[in-house]
Amino acid sequence: GDSFLEELGYTDGMDWGDSQAFILNSEVDAGTGDVNVVADTSTQVNATLNNVAESMAEGISDQSGKAATGALASNMGRGEAIAYIKDDKDNSFTGDATVTAGSITVEAKDNAELYSNVQFASNSVSVSDGGAGLLDEFIGKVAYANYTDKTTSVQLENGDRVRITDTDDDNYGNVMIFLGQDGINPTDGTVSSTDLTAVDFGDLDYWVPSLETQVVPQGLNISPSDSLAVGAIIVRNDLIGGATAYVERAELSAAGPVSVKADESALMHATLDAEVVSSGGGVDGSGASTAANVAIATNWLQGDAHAYIARSQVTTTTTEGDVTVSAVNTTNLDAEANQATEAGGEAGAGLIAFNAVGWQPQNVLFTLIDTLIGSEEIASAFDANQRISSLAHLDAVDLDATGDLTVTTDNTAIL
């Protein structure tokens with residue numbers, strides 16, 4: 001069933017992710033103590049998506065390969081902080097909500113963050129080498145070698161030959177010739193026994209491939225080798241925050257300061273990396289190598305800060321009795337999109353990125369039209385303009401302060 005707070009109506013207008021702190025329809029006398037009404041919300045979304053599709057077709061002739069990858073990612077975060085003192089039962093100027101204390105603070109703080117990292121790759125490779133790969137592998141197996149890369153202890157001498165059998169090594173299938181002085185361990189340069197399983201055979205200061213394992217050309221297609229790679233991704237990131245602090249229809253009396261503050265901080269860091277590679281075709285121009293890549297990224301960031309005192313009576317009684325109403329709003333959108341498309345034949349790519357601070361999300365088509373015409377006609381027609389704001393004010397307040405009155409706003413948006 002409904003919670004006690006829901007039955008009383010205290011959660012009206014709240015959404016999951018919201019935080020509320022309040023004094024409602026109450027009389028509070030803290031004497032010389034402090035009264036702090038603080039709502040603090042912290043929302044963080046960390047989203048990571050990786051998608052890889054690979055096709056590798058290798059043979060003597062007429063090989064073909066296709067690779068396709070697609071991804072749809074939607075990352076959304078919402079959080080709002082609300083802090084208040086008010087009376088909502090009485091129609092009188094100040095109502096029945098009264099707070100007496102040494103100092104009174106009403107503060108709403110919201111920190112909303114979204115980190116989105118999306119990466120995808122589609123790779124298609126087709127090789128029809130007429131058996132050149134098989135011949136090269138055969139030569140590597142029969143060429144003379146003193147050791148293999150599996151030998152764990154050996155005193156190397158200049159000119160020693162090592163057959164590479166590790167398929168993960170870039171020199172797989174080759175026989176590598178040692179160029180160092182007799183007894184030298186190439187892993188650390190000292191005179192000691194060498195563990196060949198730990199050697200970097202790509203270190204040209206110590207190793208060179210034997211000539212006989214390099215005579216057969218590799219990577220040439222002697223017959224048509226069609227290759228197709230396709231990639232498509234759509235990413236939507238939507239982050240909404242807000243902070244509201246207020247005193248409404250209440251009577252506040254403090255010996256020290258009275259502070260009403262709203263602090264909104266929203267940050268989005270979104271990265272999209274897309275890569276599509278197609279390798280195929282033929283040495284005579286036959287065969288097709290095609291790559292197509294489409295990426296759409298939409299990033300929306302919204303958040304307001306609002307602090308106010310309305311229809312209330314505020315009194316401070318000492319020289320430290322400053323009254324401060326402050327709203328601070330800092331929004332930061334850092335969006336990066338990287339795309340690479342490669343093909344031996346035809347390649348096509350499309351990258352669409354929409355980054356908006358202070359606008360409600362729209363569908364991609366409407367946003368694209370607004371972007372192309374350099375205006376906001378469609379967004380405005382659908383009332384999507386929700387400009388980020390920072391607002392601090394007093395409205396119909398009976399104020400008697402022995403200290404200073406400060407009303408400030410700070411609104412910073414970084415895109």
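L399 is partly exposed, because its relative accessible area is 31%, where partly exposed denotes the range between buried (under 20% relative accessible area) and exposed (over 50%), computed with a 1.4 Å probe and protein chains only. This residue is found in strand β17, which spans residues 390–400; strands (E, at least two residues) and helices (H or I, at least four residues) are DSSP runs numbered from the N terminus. Together with L405 and V407, L399 forms a nonpolar patch on the surface with about 220 Å² of accessible area. Accessible areas come from the Shrake-Rupley method with a 1.4 Å probe, and for residues only the protein chains shown count as cover. Patch members have over 30% relative accessible area and no salt bridge; nonpolar side chains (Val, Leu, Ile, Met, Phe, Trp, Tyr) are joined within 5 Å, and like charges within 9 Å. A salt bridge is a side-chain nitrogen of Lys or Arg within 4 Å of a carboxyl oxygen of Asp or Glu.

The model is predicted, so local features need pLDDT of at least 70 and side-chain atom pairs count only at pLDDT 80 or more, whereas totals for chains, interfaces and linings use all residues. Residues are numbered from 1 along each chain as its sequence is written, and side-chain values use heavy atoms, with hydrogens and water left out.

The chain as a whole contains four helices and 18 strands. Of its 415 residues, 42% count as buried, and its accessible surface amounts to about 20300 Å², 48% of which belongs to carbon and sulfur atoms. Among contacts (heavy atoms within 4.5 Å) with a separation of 6 or more, 79% join residues 24 or more positions apart.

In soluble globular proteins, nonpolar side chains tend to be buried together. Here the largest nonpolar core has 31 residues, and V37, I85, I104, V106 and L252 have the most contacts inside it. Such a core is a set of buried Ala, Val, Leu, Ile, Met, Phe, Trp, Tyr and Cys residues joined through side-chain atoms within 4.5 Å. Strand β14 (residues 289–316) supplies the largest share of this core, four residues. Leaving aside residues up to four places away in sequence, I104 touches several residues, including V35, I85, V99 and L252. A second, separate core comprises 13 residues, among them F120, A229, A274 and A291.

The structure also holds six aromatic pairs. Rings of Phe, Tyr and Trp (its six-membered ring) pair if their centres lie within 6.5 Å; planes under 30 degrees apart count as stacked, over 60 as edge-to-face and the rest as tilted. The F22 and Y84 rings are stacked because their centres are 5.1 Å apart and their planes lie at 5°. F22 belongs to strand β1 (residues 19–24) and Y84 to strand β4 (residues 65–86), so this pair ties together parts 62 residues apart in sequence. F22 is partly exposed at 26% relative accessibility, whereas Y84 is buried at 6%. Y84 also stacks with Y246, at 5.0 Å centre to centre and 10° between the planes. Because Y246 lies in strand β11 (residues 227–248), the latter pair ties together parts 162 residues apart in sequence. Y246 counts as buried at 9% relative accessibility. Ring pairs link F22, Y84, Y246 and Y308 into a cluster.

Two backbone angles complete the account. N25, in the loop between β1 and β2 (27–29), has a positive phi of about 55° although it is not a glycine. R311, in strand β14, likewise has a positive phi, near 45°, and is not a glycine.
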